[in-house]
Amino acid sequence: MAVIGKLPPHLADMIAAGEVVERPANVIKELLENAFDADAQFVTVEIEKGGVTLMRVSDDGCGMEPADMVMAFERHATSKIHQTEDLEAIVTMGFRGEALAAVAAVSRVTMTSRRADDAMGHEVSVQASALLSQHSVGGPQGTTVVVRDLFFNTPARYKFLKKDATEAGYIQSMVMRAALSRPDVSVRFVKDGQQVFQTPGDSDLRSAIYCLYGRELLAGMLPVSNEYEGMSVTGFTGQPSLARGNRALEIFVVNGRPVGSKTLMAALEEAYAKMLLTGRYPISVLHLDMDPSLYDINVHPAKAEIKFARERQVFEAVYMAVRNALQQGDAVVRPTLAVAEPTPAPTETLTMRQPELQLVQSRPVVAPPPVMAPPPIARPATPPQQSMPIELPQQVELPQDEPWRVVGEVLGGYILIEQGQQLLLLDKHAAHERLLYERWAASQPAQMAQQLLAPLVVRMAPDQQALLLQHSDLLEQAGFELDDYGDGALLLRAVPHDLDADDAGALLDELAHEWRSGRRGATLRTRDELLKMVSCKAAIKIGKRSSRQEIEALAQTVMTTPTLRHCPHGRPLLVSLSRKEVEKLFLRQ
């Protein structure tokens, strides 16, 4: 029987470090928070090789006295909490008292600090939780922390780190969020000896957004300002046209701290209801100021998530603030896709340059009448005693010699076809996706690419930019050609044939998100898998109406090609309802 024993201090420190330090970005986050708490006006973050080799955070804050510098590397040492009640009113950032101890447990750390009234500063060196040296040194007012060789004594954790460019992207994204949370502090970021950005620290959030994301994005942002139930919501939110394929730029700051919260995300996205297509997410930088006793930031080891005591009021405060901003900014509201329109929607061109997509000339084409919204149906006060079973449409094998006709397009993306004694529904998006995939898969990479007359500048979150550059060889096999344009941007020189150049930026943004998330990203390692995703993203979207000629051509291709029955991911293109099944629905049998 095993005997229970107490862990050695150094081993306990290494285990505790795993809760706070998963990658270099976590280290930078903790050091930045300490700099902000020290009332710094200028903070510089420097990294080399993704932060694994070197991380340095320097500030011009109040500095520390020598005894406190040594104590700061002890576990549970803090100047912010002295009694239980203090936990309910935390307004500082680095309050937990274990960040430096956690970092020092898995790296080599040197801290140098000097207070304004001290003639000399002090330097402390710690390695793997052990104090190596301390002595007086000269230097400017403030504190500098240098972290070297992260995870040098924990190789199992080191091997789970990603490539240097990816880790650098995580750090840059985190530093950008920190800069947006404190526009009153000038934040400078240096990567491998090159300055990436520096915010002015003029207390104007617009200046920080402009510095980090550029003039074009700032021009599409709407000011947000609202007071509700003792809470203040300020910041900026993007016009619907700026929406991205992921939530990377949904940024929330509570009392000066960047946080994650499902409540805040839900409130923001609900404010954009009916304005964005499915899978698109708004850009927003929102600051919430509220009583610190009404939330708990200590629910996550790294203080990355927040829990509110009054979830409903917080939701309403954010929702109303963003909704008001969108209404005052005359944001364009797109109709919901499932609602039938009294008049036909404008047609949009479906680009499919394939020789087999020819118009059917052998029979007359009669355009269907406009679809009118049906009147409301009075529902019985009580449900019927027995429910009628509804038979689901079935996948079909079509008789090749039986005539058919296209009835029209219904529900914003499905082509209704009548053939003999059955009704067929053709998924327009899935069919177009399969045709694009077949064409691209049969082409050589050089044949896929279409050079742009004017290269496009694409801006996105820095970690996503790093992932795209990391996978540039694979993207080239799918017809993309891109370069690092500097200043947080990519230069897109070529895109796959049949892909609208205006959609390429959003598609690259989604690809980067997939690689970052690790869910589907793990499968996007071959040209074939990448083409499947690109064809899905490039295909005509549900909700976009096509001309009569286009749906006739698409139906002709699918109906006369027996091998076209599934999209590249295996979903059916075509399902059917027999006459008998339709009659059952109307209780005729």
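**Entry 1: the model.** I noted that this is a predicted model, in which local features need pLDDT of at least 70, side-chain atom pairs count only at pLDDT 80 or more, and totals for chains, interfaces and linings use all residues. Residues are numbered from 1 along each chain as its sequence is written, and side-chain values use heavy atoms, with hydrogens and water left out. I looked up pLDDT, the predictor's confidence in each residue from 0 to 100: the protein averages 80, and 78% of the residues score at least 70. Over residues 332-390 pLDDT stays under 50.

**Entry 2: the sheet.** I found that E20 and E22 pair in the antiparallel sense over seven bridges. Strands (E, at least two residues) are DSSP runs, numbered from the N terminus, as are helices (H or I, at least four); two strands pair if DSSP finds at least two bridges between them. Gln450 stands opposite Val495 in E22. The open sheet has three strands in the order E20-E22-E21, with antiparallel pairing. Strand E20 (449-459) and strand E21 (481-486) are the edge strands, each pairing on one side only.

**Entry 3: two helices.** I then examined helix H2 (residues 24-37) and helix H6 (residues 164-181), which pack at an angle of about 25 degrees with their axes 9 Å apart. Axes are lines fitted to C-alpha atoms, for helices over the stretch in contact (heavy atoms within 4.5 Å), and angles run from 0 to 180 degrees between N-to-C directions. H2 is therefore roughly parallel to H6, a term for angles under 35 degrees. The residues in contact include Ile28 and Leu32 of H2 and Ile171 and Met174 of H6.

Notes
Angles under 35 degrees count as roughly parallel, over 145 as roughly antiparallel, 65 to 115 as roughly perpendicular and the rest as oblique.
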